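Take a first look at the structure below. Then follow the text through it, part by part.

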Amino acid sequence: MRKWVFIINNWNSTSLEVKKKYCRKGIPQQFRRKVWRLFLLGTKGAKGKAAERGKPYSYYSELPLEDTQLEGVIERDLDRTFPTHRKFDSGANGEGQQALRRMLRAYANYNRGVGYCQGMGFLAATLLLQINEEERAFWCFCSLMEEEEYNLKSLYEPGFPMLQCYFSVFEGLMKKTNKKVYHHVREVHGVESSYYATHWFLTLFTYYLNFGLISRIWDMFLCEGWKIIFRFALALLKIDQQRLLGAATETELLMVLKDIQENKEPAKMLDVSLKIKFTTKYMNKLKKSYLDSQQRKK
């Protein structure tokens with residue numbers, strides 16, 4: 001506990017390696033709100049870079065949506081977002097859903113090029129639950145979407161170009177770290193990661209996993225970036241490797257992949273994911289290779 005107090009009070013002078021070491025152990029819940037805010041908003045201001053570039057939160061949350069069809073899309077997704085959590089289980093007029101509605105409408109106005117897509121609600125709701133202050137949660141959400149370290153907006157842009165890129169990177173990492181599974185899934189049965197991993201990336205696992213494990217994953221993601229998400233995705237395949245290899249047909253394989261994220265023991269997930277080794281340089285090489293190939297096609 002004292003170490004986290006020291007890190008928080010000396011945030012800018014604490015090295016990334018020290019932050020990484022302690023984030024991997026898990027941020028104590030009483031410090032998580034503060035630490036996530038520091039990662040996403042920094043220490044200079046309470047609202048981060050996104051707020052400096054824009055207008056007040058109230059402006060975006062109260063402004064009518066330019067695309068009126070988004071109203072219905074947002075409303076439908078509100079009921080699907082953590083429906084059993086006590087903050088969101090009171091329906092459309094409950095405090096949690098009202099705050100989430102304002103946040104999602106506000107972001108659709110903040111970045112009209114992206115607007116709103118299914119999946120964003122889980123990201124915003126996760127921040128709302130942890131940050132527990134609507135306006136700051138919104139600016140944290142903007143940082144998650146807009147800032148280069150995370151750049152979630154690129155996954156949601158029309159055509160989902162970066163989502164396709166991350167599928168390619170994931171499969172490249174699978175080929176390097178688990179050749180047997182890659183051969184069986186991708187080469188023998190021809191199953192692409194887009195069939196089963198879409199929500200892993202679009203929602204940073206919040207669509208499937210329990211909230212305690214989600215918090216641990218996000219502790220590391222906010223510190224280390226996308227490498228952590230790829231590690232956890234690879235860990236799911238590693239833990240169920242025998243089930244995957246035992247699938248004799250494409251249909252059987254898809255059934256295994258459909259529920260592969262279910263009932264995972266958090267301690268095992270954390271242990272297996274951090275034992276999967278690949279360098280950031282190699283991950284970035286795969287990303288560059290895919291983007292270069294797409295550029296040549298234009």
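The paragraphs below go from the domains to an interface and then to a cavity.

This is a predicted model. Its protein chain is divided into three stretches: domain 1 covers 1-30, domain 2 covers 43-147 and domain 3 covers 159-296.

Start with domain 1 and domain 3. Their centres, taken over C-alpha atoms, are 27 Å apart. The two domains touch: eight residues of domain 1 are in contact with seven residues of domain 3. Together they bury about 680 Å². Of that area, 54% lies on carbon and sulfur atoms. Within domain 1, the residues that lose the most area to domain 3 are Cys23, Arg24 and Ile27. These three account for 67% of what the domain 1 side buries.

Now look at the polar side of this interface. One salt bridge is found across it. Arg24 also forms a salt bridge with Glu224, and their closest N and O atoms are 2.9 Å apart. Four residue pairs are in polar contact between domain 1 and domain 3. The domain 1 side that touches domain 3 has four charged, three nonpolar and one polar residue.

How many cavities of 30 Å³ or more does a search of the whole structure find? The search finds one. The largest cavity has a volume of about 80 Å³. Which domains supply its lining? Domain 2 and domain 3 each give at least three residues. Among the lining residues are Asp77, Arg80, Tyr116, Phe122, His199 and Tyr207. By class, the lining has six polar, three nonpolar and two charged residues.

How values were computed
Residues are numbered from 1 along each chain as its sequence is written. This is a predicted model: local features need pLDDT of at least 70, side-chain atom pairs count only at pLDDT 80 or more; totals for chains, interfaces and linings use all residues. Side-chain values use heavy atoms; hydrogens and water are left out. Domain bounds come from an automatic or database domain assignment. Contact means heavy atoms within 4.5 Å. Buried area is the accessible area (1.4 Å probe) that two parts lose on being put together, summed over both. A salt bridge is a side-chain nitrogen of Lys or Arg within 4 Å of a carboxyl oxygen of Asp or Glu. A polar contact is a pair of N or O atoms within 3.5 Å; within protein, one must be able to donate a hydrogen and the other to accept it, and residues adjacent in sequence count only if both atoms are side-chain atoms. Ala, Val, Leu, Ile, Met, Phe, Trp, Tyr, Cys and Pro count as nonpolar, Asp, Glu, Lys and Arg as charged, and the others, Gly among them, as polar. On a 1 Å grid over the protein atoms alone, a cavity is a set of points where a 1.4 Å probe fits but cannot get out, and a pocket is an open set with protein on both sides within 12 Å along at least five of seven lines; lining residues have an atom within 4 Å of a point. Grid points are joined across faces, edges and corners, and a volume is the space filled by probe spheres set on the points.
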